[in-house]
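Me: I am new to this structure and would like a close look at one part of it. Please take a single sheet and describe what surrounds it.

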Amino acid sequence: MLWYLMKRLCLSVIIIVMAVGALFIMLHSIPGDPVSIALGPRATPEVQAAYAAKMHLDKPIYYQFFIFLGDVAQGDLGVDVFSNRPVALTLGEQLPYTIALAVAALGWAIAIGIPLGCLSAIWPNSWIDRVTGILSVGTIALPSFLVSIWSILLFSITLRWMPVIGAGDEGDIVDQLYHLVLPAFAVGLGWVGYLARMVRASMLEVMGENYIRSARAFGLPPARIVFRYALPVAVLPTITLIGVGFGGLLSGTVFAEIIFSRPGVGRIIYDMVLARNFPVVQGAVLVTIALYVVVTLIADLLVSWLDPRVRDTF
Amino acid sequence: MTKLTQSRRGFLQTAAFAGAAGLTGSIPGISWSAEGDTLTVRFDREMESLDPGYYVGGHPPNDVNWCLMPSLVHYGPSDNGWVPSPYVESISVTDSTHIDFTLKPGLMWSGGNGELTAEDVAYSYNRMKDSEWKGDYVAFDRVDVTDTYSGTIVLNQPFAPFMSLTLASGTGIINSKKALEAVGGKYTTEPPATCGPYVMEHKQAQYVKMRPNPDWTGAKPAYANIDCIFVTDSEAGALAFEAGELDCAKITSTSYARYQKELPENGALTVAGALQYMWMGINTENPKLADPRIRKAIQMAVDVDSIVAGAYSGTAEKSAGIICPGLVGHRDAPGYPYDPAAAKALIDEAGAAGLTLTLRTLNASERVLAAQIIQANLQQIGITVEVIPLDSGPFWEMGQESKGDTWKDLELWMMRFGAGPDPFEATQWFIRDQVGVWNWERWSSDEFEELYAKGIAETDTAERAKIYVRMQEIMEETGGYVWLTHEPEVFIHRADIAAQFAPSGEMQMAYFKPS
C-alpha cells in the first residue's frame with residue numbers, strides 16, 4: 001500500500017506541474033496585450049512599462065513560468081495586480097465556498113442517487129426502475145445553468161422560499177446553509193442520474209455473481225444480501241466516478257457561482273480572466289488542479305484500500 | 001488506550017448514513033432587502049481601483065467614491081448640471097477661468113488625518129494632471145489656496161465643461177494630502193483616508209458594505225447602510241430584484257424591454273442616461289473602401305430601425321452622431337438617408353458589386369445580432385460581409401498601431417464609446433493625434449481640429465451646439481461612420497425608493513431616499 005501511495009503521489013506532482021505548464025502557455029497565447037487590457041486606454045507608457053515589469057511580462061515566457069513555479073514552491077501565489085492583495089489570501093477566502101458547494105452537491109446526489117440505483121437493480125424492469133430510468137436520463141440531460149435559472153424562478157421568485165444571491169451572512173452557519181440549498185440542488189441534480197445509472201448497472205452485474213446466488217441458496221434475507229454483500233462491491237466503480245467527477249463538479253460550480261452570485265474559485269477565475277489579472281487566474285487554476293488531483297488521489301486510495309487487487313494493476 | 005479501527009464495510013456503511021443525514025435539515029426564515037434602513041444594490045463587476053487618477057470605468061468606483069470621499073460639486077438630481085456638494089459652504093464660477101470655493105469646517109478625515117482643507121483640494125487636483133485621467137484636467141492650471149478652507153481654482157483657458165465633466169465626475173474626488181503621501185501617492189481599493197457619510201467594508205468579489213461613519217458631521221443620508229452585492233450576470237441581477245433581494249439593479253436592454261411590458265410588483269424603471277454612442281466604423285484608408293462612393297453606399301444601406309428593433313428590443317435610441325441625447329450639439333437625424341436602392345446604384349456605379357468585407361464586433365449578444373442585420377442589409381446591395389465576433393482583448397487593440405498590424409486589415413467594425421455629460425469628451429477621440437490610437441477610421445481634417453479647440457474654449461451654449469453639430473457633419477462626410485444607437489443605462493428599483501443617478505449612469509447612493 002505504501003509503495004502504491006508513493007507512486008500515486010509522484011504521479012500527482014507530475015500531473016500538477018504539467019497542467020500548470022499547459023495552462024500557462026494557453027493563458028499567454030490568448031490574443032491581445034494584457035497590459036493595455038488591464039490598464040485601459042488611458043494608461044501612459046510609463047505606467048504600462050511599470051505594470052509589465054511588475055507582472056514580469058517584459059521577460060520571456062519560460063522565464064515567467066519558472067518564476068511562477070518557484071514562487072509557488074515557496075507558497076507564494078503572487079499578488080493581485082489591481083488590489084495588491086496576496087493571491088493566496090483571495091483564494092483562501094473563496095475556496096471554502098467552492099468546496100462547500102461541491103461537497104453539498106455531491107452529498108445530496110450520493111444520498112439520492114445510490115439508493116435509487118439500488119432500488120432499480122433490486123426490482124429491474126419494475127415501475128420503480130422505469131421511473132428512475134426516465135428521471136436519471138432527464139436529470140443527466142439538463143445543464144446545471146438551466147436548472148439554476150428554473151430553480152430561481154420557481155423557488156425564489158414564484159414561491160419566495162429561497163434566496164437568490166450571495167452565500168449568506170458570515171458567522172451565521174444556518175443562513176449560509178440556506179443559501180447553499182439552491183446552488184447545490186442545481187449543481188448536483190445531474191449527478192443523481194449519473195450515480196443511479198452507475199449503481200444500477202454495477203448492482204445488476206454483482207447480483208448475478210456466484211456468491212450472491214450462493215447466499216440466496218443459503219436462504220439469507222434479501223436485504224442482507226443487497227446491503228451486506230452486493231452493495232459494497234457494486235459501489236467501488238462509483239467511488240472512482242465520484243473522484244473523477246469532482247473535477248467536473250468544480251467546473252460545474254462556475255455557472256452556479258455566477259448565476260447565484262456566490263463567491264468561489266470558479267467565479268474568481270471567470271472574472272479575472274476577463275480582467276486579464278494573470279496572477280489570480282494562475283493561482284486559482286493551480287489550486288483547482290491541485291484540489292482535483294488530491295480528490296482523485298483520495299478516491300484511488302480508497303478504492304485500492306477497499307479492493308486490494310487494484311494496487312497490483314498500477 | 002483504545003485502538004481506532006475502521007473496516008472497509010464499516011466505512012461504506014458510515015458513508016451511506018452520513019449521506020442520508022446530509023439530507024435532513026431545517027429551513028430558516030428568509031430576510032428580504034430594503035427592510036429598515038438598509039439599501040441593497042447591484043454592482044456588476046469588482047473594482048480594480050478607487051483612486052480617481054487610475055480607476056477603470058465609472059461604475060462601480062464612482063458609486064463608491066461618492067459615498068466615501070469629498071468633492072466640491074455633485075451631479076444634480078434631475079438634469080446634467082451640477083450642484084454644490086455637502087462638503088462646501090459655497091462654490092461659484094467668478095469668471096471663465098476662476099472658480100472660488102469654501103469648504104465646510106470640521107469635516108474630518110479617517111485615521112487621524114486631520115480636517116478636510118483647501119490644501120487637500122489643491123494636492124488632489126494637481127496630482128490629476130499626471131494621472132491616467134489627465135484628459136479631464138486639460139484646462140486645469142492650479143489651485144490658489146486662500147486659507148484653511150478657501151481657495152480658487154484657476155484654469156489655463158476657458159473650459160465650459162469643467163464643472164460637470166471634471167469636478168462633478170469621478171475624477172473630481174478629493175483625497176487627504178497627508179494620508180495619500182504617506183502611502184506613496186497612489187492606491188487601489190483601499191483609500192488611505194475617507195471623509196464621507198459612510199465607511200466601507202469590502203470583501204473581494206462578494207460585496208461592498210457601506211456603514212455609517214461615526215465621525216461624519218454633515219447631513220445623514222436616508223439609508224444608514226448600503227449593501228452593494230457583486231452580481232456579474234445581468235440577468236441574475238434582474239432575477240434577484242424580482243426575488244426581492246436587491247433594491248436597485250442595472251439591467252440589460254432585454255430585461256428593459258421585458259419590464260416595459262410588465263413591471264414586477266413594486267418595481268420602477270429609471271433611464272439614467274443614454275451617454276453611449278455606437279457606430280459602425282469604416283476604414284477610409286483600406287484599399288477596398290478607398291472609393292468614397294462605396295462608403296456612402298454602406299451608410300445608406302444600413303437599416304438602423306431594424307437594428308434598434310431586432311437587437312435592442314426597441315429600447316435604444318437611433319443615433320445621428322457621437323453627441324448623445326440631451327447634450328449640446330446632439331443631432332436628431334443623420335445627414336444620409338436609409339435608401340438601399342440608391343446605395344445599390346452607387347455600388348454598381350463604383351463597380352464594387354461582389355465586394356467582400358469583414359465586420360468585427362465584440363462578442364456580445366446585442367452586437368452580434370446587430371452585425372447580422374448589417375450583414376443582411378449589405379448583402380442586398382451586393383456586398384458580402386463576414387461577421388467576426390471578438391473577445392474584448394483583441395477587439396480593443398485591433399485598430400491601435402502600437403498593438404500590431406491588425407489595423408491594416410480593418411474594414412468594418414462596430415464600436416461603442418461611453419461619454420461624459422459634455423460634448424467635448426466625445427470629440428477628443430477623433431482628432432488628428434488619435435489616428436491609429438482611437439480614430440480607427442483614419443481620417444483627419446484641419447477644420448475639425450480648429451473646431452475642437454474652439455469648442456473647448458467656447459462658453460456660449462448656442463455657439464457650442466453649432467460647433468459640435470458641424471464636427472459630426474465632418475465625421476459623417478468622411479464616409480467613415482454609420483451611426484447606430486445610443487443605448488440607455490437602465491435601472492430597475494423599488495418604486496418606493498427615489499433613486500438618483502449621475503448622467504453617466506452611476507448610482508449616487510448617498511442621495512437615494514424613500515419616496
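In β17(B), which residue is the bridge partner of B:Leu359?

Reply: The partner of B:Leu359 in β17(B) is B:Leu412. This is a predicted model, and what follows describes that model.

The two strands involved are β15 of chain B, residues 355-362, and β17 of chain B, residues 412-418. They pair in the parallel sense, over two bridges.

Both strands belong to an open sheet of six strands in chain B, with the order β14-β18-β13-β17-β15-β16. Reading along that order, β17 sits between β13 and β15, and β15 sits between β17 and β16. The pairing in the sheet as a whole is mixed. Its edge strands are β14 (317-318) and β16 (383-390) of chain B, each of which pairs on one side only.

A helix packs on this sheet: α11 of chain B, residues 365-380. Helix α11 touches β13 (276-282), β15, β16, β17 and β18 (481-486) of chain B. Its direction makes about 170 degrees with that of β16(B).

Chain B has 16 helices and 21 strands. Its C-alpha trace spans about 95 × 80 × 45 Å along the principal axes. Of its 515 residues, 50% are buried. Among contacts between residues at least 6 apart in sequence, 70% join residues at least 24 apart.

The nonpolar cores come next. In soluble globular proteins, nonpolar side chains tend to be buried together. The largest nonpolar core in the model has 158 residues. Those with the most contacts inside this core are A:Ala105, A:Leu195, B:Ala240 and B:Ala249. Helix α8 of chain A, residues 173-207, gives the largest share of this core, 16 residues. A second, separate core has 62 residues, including B:Met278, B:Ile322, B:Leu451 and B:Met471.

Notes: Residues numbered from 1 in each chain as written. Chains lettered and ligands numbered in written order. Helix = DSSP H or I, 4+ residues; strand = E, 2+ residues; numbered from the N terminus. Buried ≥ 20, exposed ≤ 12 C-beta atoms within 10 Å, placed from the backbone. Contact = placed C-beta atoms within 7 Å. Pairing = 2+ DSSP bridges. Axes fitted to C-alpha atoms, helices over the stretch in contact; angles between N-to-C directions. Core = buried A, V, L, I, M, F, W, Y, C linked by C-beta atoms within 7 Å.
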